[in-house]
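Visitor: Hi! Could you walk me through this protein?
Guide: Happy to, let's bring it up and start with one residue.

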Amino acid sequence: MLETEKQLRKEILQNLNVKIMDSATWSIPVHTIEIEFKTVKRTKMDVLMKMILIAFQKAAIESAEELSELLLVELLFIQDFMEIMSRTRLIVKDEKAYRLTDKGLQQLENGIFEEEQEVDSKNKLYSPSHSSFWAGDINIASDETKKIDVYRYANEDKRTVAQKFDEAIVIEALQKDDIEVTEGDAQTIISEVVSTSRLHIDQIPCIEFILYNSEEDSMYARVWNTLREQWDEALENQLNEKERIEWRKRYL
């Protein structure tokens with residue numbers, strides 16, 4: 001941490017008009033969230049599947065054997081297709097005959113077969129201080145943050161943490177992990193967020209600098225986020241908005 005701060009000071013002071021008025025190290029809470037979600041595999045319907053669905057739409061078919069004779073298709077293929085269609089609720093059997101469901105009719109009209117996949121899960125990082133999900137893993141030893149104060153505005157983030165995540169935001173975060181893929185005529189998309197669970201919270205060190213630019217007569221903050229290994233514009237803007245007037249009184 002000390003070596004990082006040393007390098008950052010050197011970078012900042014390359015501008016001869018800038019003076020470091022103060023610095024501090026503190027941490028922000030970052031939550032590890034387990035997301036359970038469903039995906040749907042979309043495939044362009046082949047001719048046989050369309051023929052089978054149309055048959056169920058037009059005629060009262062009671063068995064796979066009857067449909068096999070009607071379409072002159074081997075029974076084994078018919079049985080496999082009917083098992084898939086029943087499992088995905090494209091067809092149901094009422095009393096004696098099978099019929100097309102509304103879902104089956106819609107997919108037939110679209111020419112796209114949609115098959116739900118097994119529930120999957122993914123861990124994502126969430127920063128209440130930024131109200132956003134992050135990619136990556138946390139590899140910071142806990143003893144590195146034990147003696148570091150928590151970010152002075154972190155308490156204001158508890159309201160955000162208590163709220164349920166918006167599904168669209170969660171799906172957008174998952175999409176950045178290339179969960180949605182296209183292979184030939186098949187496309188896998190995220191269809192539903194089943195649940196979000198907070199597993200644990202880590203404290204991520206940040207290095208704050210209060211700077212004065214004599215040429216511009218301006219004071220502003222720079223904050224280095226050690227997890228993302230970059231300057232953190234969101235935290236800088238928050239500090240500038242809340243404390244810039246006080247800095248001028250205190251340091252100038």
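Guide: Let's begin with Glu-236, which has its place in helix H8. Helices (H or I, at least four residues) and strands (E, at least two) are DSSP runs, numbered from the N terminus.

Visitor: Before we go on, what kind of model is this?
Guide: This is a predicted model, where local features need pLDDT of at least 70, side-chain atom pairs count only at pLDDT 80 or more, and totals for chains, interfaces and linings use all residues. Residues are numbered from 1 along each chain as its sequence is written, and side-chain values use heavy atoms, with hydrogens and water left out.

Visitor: Thanks. Is Glu-236 buried or exposed?
Guide: Glu-236 is buried, because its relative accessible area is 8%. Buried means under 20% relative accessible area, exposed means over 50%, and partly exposed is in between (1.4 Å probe, protein chains only).

Visitor: Which residues is Glu-236 in contact with?
Guide: Setting aside neighbours within four places in sequence, Glu-236 is in contact with Ala-221, Arg-222, Val-223 and Trp-231. Contact means heavy atoms within 4.5 Å.

Visitor: And what does the side chain of Glu-236 reach?
Guide: The side chain of Glu-236 reaches the backbone nitrogen of Val-223 at 2.9 Å. That is a polar contact, meaning a pair of N or O atoms within 3.5 Å; within protein, one must be able to donate a hydrogen and the other to accept it, and residues adjacent in sequence count only if both atoms are side-chain atoms. From C-alpha to C-alpha, Glu-236 and Val-223 are 5.9 Å apart in space, and they are 13 residues apart in sequence.

Visitor: Where does H8 bend?
Guide: At Glu-243, by about 60 degrees. The bend at a residue is the angle between axes fitted to the seven residues ending there and the seven starting there.

Visitor: Which residues of H8 are buried, and what covers them?
Guide: The buried ones are Leu-235, Glu-236, Gln-238, Leu-239, Asn-240, Glu-243 and Trp-247. Their cover includes strands S1 (18-44), S9 (186-213), S10 (218-225) and S11 (230-231).

Visitor: What goes on at the start of H8?
Guide: There, a side-chain oxygen of Asp-232 comes to within 3.3 Å of the backbone nitrogen of Ala-234.

Visitor: You mentioned S9. Which contacts does Thr-188 have?
Guide: Thr-188 is found in strand S9. Leaving aside neighbours within four places in sequence, Thr-188 is in contact with Thr-39, Val-40, Lys-41, Ile-179, Glu-180 and Val-181. Thr-188 is buried, with a relative accessible area of 18%.

Visitor: New topic: where is Asp-177?
Guide: Asp-177 lies in the loop between helix H7 (167-175) and strand S8 (181-183). Asp-177 counts as partly exposed because its relative accessibility is 24%. Not counting residues up to four places away in sequence, Asp-177 touches Lys-122 and Lys-124.

Visitor: What about phi of Arg-89?
Guide: Phi of Arg-89 is near 60 degrees, a positive value in a residue other than glycine. Arg-89 sits in the loop between helix H4 (75-87) and strand S2 (91-94), and is exposed, with a relative accessible area of 52%.

Visitor: And phi of Ser-131?
Guide: That value is near 55 degrees, again positive in a residue other than glycine. Ser-131 is in the loop between strand S5 (120-127) and strand S6 (132-134).

Visitor: Zooming out, how many helices and strands does the protein have?
Guide: Eight helices and 11 strands. The radius of gyration of the protein is 29 Å, well over the 18 Å that the globule rule gives for 252 residues, so the protein is more spread out than a compact globule. This radius is taken over C-alpha atoms, and the rule is 2.2 Å times the number of residues to the power 0.38.

Visitor: How many of the residues count as buried?
Guide: Of the 252 residues of the protein, 40% count as buried.
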